[in-house]
Structure formats: C-alpha cells, structure tokens
Amino acid sequence: MKSTAAERSLWRNRDFVTLWSGQVVSTLGAQTSATAMPLLVLGMTGSPADAGLVGAAGTLPFLVAYLPAGPLVDRYNRHRILLTSEILAGLALATVPLALWLGLLTVAQLIAVAFVQGLCYVFFSLAETAALPRIVPAALLPTALAQNEARKRGAALAGGPLGGLLFGIDRALPFLANTISYVAASAALLFLRKDLQSTVTAPAEPLWRATLTGLRWIRRHPLIRTAVLLIAATNLIFQALILTLVVLARDHGANSGAIGTMLGIHAGGGLVGALVAGRAHRCFTPKAVIIGVNWIWVVLLPFFLLTTDPLHIGLVGAATSFVGPVWNVVIMSYTALLVPNELLGRVTSAAMTFAWGVMPIGSLGAGLLLTAVGPTGAVVVLTAVMFVVAVGATISPAVRRAPPMTAPGKRSENAPSPSPPRS
C-alpha cells in the first residue's frame with residue numbers, strides 16, 4: 001500500500017499545519033506579554049518579590065492542575081478543550097489593557113490573570129500532546145515535536161524584542177497583541193478536521209483513580225521517572241534564572257527594549273537548537289543527552305557572572321538554550337512512542353506535575369534570592385544547584401542503563417510493556 005502525501009511529508013499534513021500555524025501566532029503573543037509582565041510589575045511596584053509572585057501565579061497551575069487535567073483530557077473532547085482553553089485565556093488577558101487604560105490595574109489582578117493563563121495552558125498543552133499522535137504518523141512524530149520546539153523557540157526569539165518594544169510605546173500594547181493572537185489561534189482551531197480522540201475510550205473510572213494511572217506508569221519506567229525528576233530540577237533553575245537576568249540587566253541601566261532584545265537573543269539559541277533537534281536526536285542515545293546537556297549547563301551558567309551587558313547576557317543565554325531542544329525531543333519522542341495513546345494524557349499530566357510544578361517555586365525563590373543576595377549571588381546559587389543536578393544525572397543507574405530509542409512500532413527489550421499497570 002502506498003503512503004499518502006501527508007504520511008510522507010509533515011507540511012502536506014493539513015491538520016498539523018493548521019494547528020502549528022495557529023499556535024505560532026498564539027505562542028508569539030504569549031511570549032510578547034510574558035516579556036512585558038515582569039517589566040510591568042517592576043514598573044508598578046519596583047519589587048522583584050512582586051514580580052516573582054506574579055510569575056509564580058502563572059506557573060502554579062503546573063503544580064495543582066496537571067494531575068487532574070490529564071484524565072479529563074483522555075476522557076473528554078480534545079478539540080473542545082483546545083478551543084475553550086484559547087478563548088478563556090484570551091478573555092482573561094483582555095482585562096489587563098482595559099484596566100491599564102482605566103487606571104485600575106493592581107498586582108492582585110495580574111496574579112489572577114497569570115493563574116488563569118497558566119491553567120488554560122495546562123489543558124491546552126496536554127490536549128495538544130495527546131492529539132498529536134492522532135494527527136501525525138508515528139514515523140514523523142519526532143519531526144513534529146521538533147517543529148513544535150522550533151515554534152516555541154522562534155516565538156520567544158521574536159516575542160522578547162517585540163514585547164520590549166511594544167511596552168516602551170505603551171504598557172498596554174503587549175497584552176493587547178496577545179489578546180488578538182488568542183483570537184487568531186482560536187479561529188485556526190475551527191478548521192481542524194481530524195478526530196483527536198484515541199480509538200480506545202478512556203474508562204469512566206473515578207478521577208482520583210485515573211490520576212494514579214499516570215503516576216503508576218511513570219513509576220514502572222525508571223528512565224522516564226529519572227528524566228522527569230532531572231527536568232524538574234533544571235526547570236526550577238531556569239525559571240529562577242530568567243527573572244534574575246532581567247533584574248541583572250535592569251540594575252545596570254538596560255531599558256525595556258534592551259531587555260526584550262536580550263531575551264530574544266536568549267531564545268534564538270533555542271530556535272537554532274530546535275531546527276537541528278529533529279535530526280540531532282538520532283545521533284545521541286538518551287543516556288548521552290541526559291548526562292551531556294546537564295554538564296553543558298554547568299559549564300555555561302558561570303559565564304553570566306562575567307558580564308552585565310544585555311547583549312552578552314543574551315548570547316550566553318542563547319548557548320544554554322541551544323541544547324535544550326535536543327533534550328526535549330529525545331524525552332518527548334521516547335515517551336510518545338512508548339505510552340499508549342489512550343494513556344498519554346494521564347502519563348503526560350503526571351510527568352508535567354513534577355517537571356513543571358516546580359516553576360512557581362523557581363519564581364518565588366528567584367524573588368527571595370534577588371532580595372537577599374542580589375542577581376550576582378543568585379547566579380552563584382543557581383550554578384551550584386545545577387552542578388548537583390549534573391552529578392545526580394551522571395551517577396543515576398537508570399540513566400547509565402538507558403536503552404536506545406527504538407523505531408516506531410518496535411520496543412526495546414529493556415523497556416516495560418506499554419500496557420497500563422494493574423492496580
């Protein structure tokens with residue numbers, strides 16, 4: 001049987017292109033407002049702790065919502081979840097420029113808006129992850145994941161400078177632009193034709209039991225379990241690092257445009273890494289990626305101590321971002337190929353609870369570190385934590401015995417059966 005054009009080429013897959021294109025716009029808008037948010041809080045209160053609090057509110061749903069969201073994504077209409085998430089996030093964000101124009105904006109409102117955006121992102125990201133294997137053939141799945149990485153990194157590259165530029169013109173503009181991007185992404189979702197549900201319907205079991213299914217699956221796979229813990233540690237470090245770099249640049253006189261450019265350059269390294277990740281992941285075993293990337297970060301983080309120039313900070317950040325996509329593509333491909341699709345939402349939600357649930361701690365910790373020891377001291381502390389993480393990755397038995405990634409449809413003899421675990 002001959003394969004169709006959509007099975008041979010990712011860019012001839014109409015549903016993938018539709019979803020990907022809409023999310024390019026949405027992610028660009030999100031990065032634009034994400035750049036402006038700490039600048040807005042610092043401009044309103046001058047407090048890094050307040051900026052950390054707003055950042056923590058945006059990532060708190062990663063800790064409290066991922067576990068219950070996973071079973072819901074497996075159980076209910078994924079297309080509807082995608083659309084509802086975009087619409088609600090856009091409505092919440094639209095209140096920010098409105099309150100700015102009326103002179104009524106408060107930190108409390110920004111905390112609430114950030115939380116709603118984070119909550120919508122949780123549901124959207126889980127639904128998109130679970131739906132992608134229904135849209136893209138297994139052979140093209142790593143390439144699709146790499147393109148999603150490129151989408152995120154490219155949006156961050158453009159969103160940083162754009163957010164800083166728009167904020168310099170008018171504080172409301174970055175948030176207005178993001179609101180419009182949500183409208184455009186919602187419209188794109190209306191044109192998806194593919195059935196996004198698994199061919200196996202998730203059982204109508206109690207929500208608490210469904211959440212445990214994902215946790216049990218991860219527990220049975222030592223490499224995935226260890227990778228999740230390592231990702232959690234590095235997410236904590238880099239979540240704290242972003243605010244640290246913003247304060248470091250601001251304390252040395254950088255304006256909003258320079259800070260936005262710095263963050264854009266930082267993201268540019270990730271874009272280049274994402275563009276090569278689709279091919280590079282085939283050249284490295286999971287063991288080499290997990291150990292090697294952590295040690296590269298250990299080497300690079302101290303370079304932030306050698307400069308206060310936003311351009312140089314951005315270049316060091318670009319180097320740290322370059323290797324991240326290879327890590328993401330390897331781990332995500334490994335998981336997507338191994339986990340049955342009807343369990344993918346629950347397993348992903350369990351993994352994300354640990355891997356991304358630390359982000360509010362990173363934001364709050366950054367605010368406290370910056371208040372206590374300043375940006376230079378914060379970089380020293382984060383470098384020390386990164387060293388501990390790299391040592392942990394190196395000595396982990398699960399990482400050292402990690403099997404190579406197998407081709408779609410095959411399974412390493414060292415990997416566990418993809419069947420769901422028994423209670």
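Which residues in H10 meet which residues in H12? Let's start there. One caution before the answer: this is a predicted model.

On the H10 side, we have Leu 223, Ala 227, Leu 230, Thr 234 and Phe 238. They meet Pro 286, Ile 290, Asn 294 and Trp 297 in H12. Sort the residues of this contact by class, and you get 7 nonpolar, 2 polar and no charged ones.

Now the geometry of that pair. H10 covers residues 222-251, and H12 covers residues 286-300. Their axes lie 12 Å apart, and the packing angle is about 20°. Angles under 35 degrees count as roughly parallel, so H10 and H12 are roughly parallel to each other. The crossing of H10 and H12 is left-handed.

Let me step back to the whole chain. It has 17 helices and 0 strands. There are 423 residues in the protein chain, and 55% of them count as buried. Take the contacts in the chain with a separation of 6 or more: residues 24 or more positions apart account for 88% of those. As for surface, the protein chain exposes about 17,600 Å². Carbon and sulfur atoms supply 68% of that area.

How do H2 and H6 run, roughly parallel or roughly antiparallel? H2 is residues 14-45, and H6 is residues 107-135. Their axes come within 12 Å and cross at roughly 160°. The cut-off for roughly antiparallel is over 145 degrees, so H2 and H6 are roughly antiparallel to each other. The crossing of H2 and H6 is left-handed.

Who makes the contact? From H2, it is Asp 15, Phe 16, Leu 19, Gln 23, Met 37, Leu 40, Val 41, Met 44 and Thr 45. From H6, it is Val 107, Leu 110, Phe 124, Glu 128, Leu 132 and Ile 135. By class, the contact of H2 with H6 has 11 nonpolar, 2 polar and 2 charged residues.

You'll find Thr 59 in helix H3, which spans residues 48-64. Is Thr 59 buried or exposed? Its relative accessibility is 7%. Buried means under 20%, so Thr 59 counts as buried.

What is Thr 59 in contact with, leaving aside its neighbours within four places in sequence? The partners are Gln 239, Trp 356, Met 359, Pro 360 and Ser 363. One of those partners, Gln 239, belongs to the stretch 222-251, which is H10. That takes us back to the helix we opened with.

Terms used. Residues are numbered from 1 along each chain as its sequence is written. This is a predicted model: local features need pLDDT of at least 70, side-chain atom pairs count only at pLDDT 80 or more; totals for chains, interfaces and linings use all residues. Side-chain values use heavy atoms; hydrogens and water are left out. Axes are lines fitted to C-alpha atoms, for helices over the stretch in contact, and angles run from 0 to 180 degrees between N-to-C directions. Helices (H or I, at least four residues) and strands (E, at least two) are DSSP runs, numbered from the N terminus. Angles under 35 degrees count as roughly parallel, over 145 as roughly antiparallel, 65 to 115 as roughly perpendicular and the rest as oblique. A crossing is left-handed if the near helix is turned anticlockwise from the far one by less than a right angle, and right-handed if clockwise. Contact means heavy atoms within 4.5 Å. Ala, Val, Leu, Ile, Met, Phe, Trp, Tyr, Cys and Pro count as nonpolar, Asp, Glu, Lys and Arg as charged, and the others, Gly among them, as polar. Buried means under 20% relative accessible area, exposed over 50%, partly exposed in between (1.4 Å probe, protein chains only). Accessible areas come from the Shrake-Rupley method with a 1.4 Å probe; for residues, only the protein chains shown count as cover.
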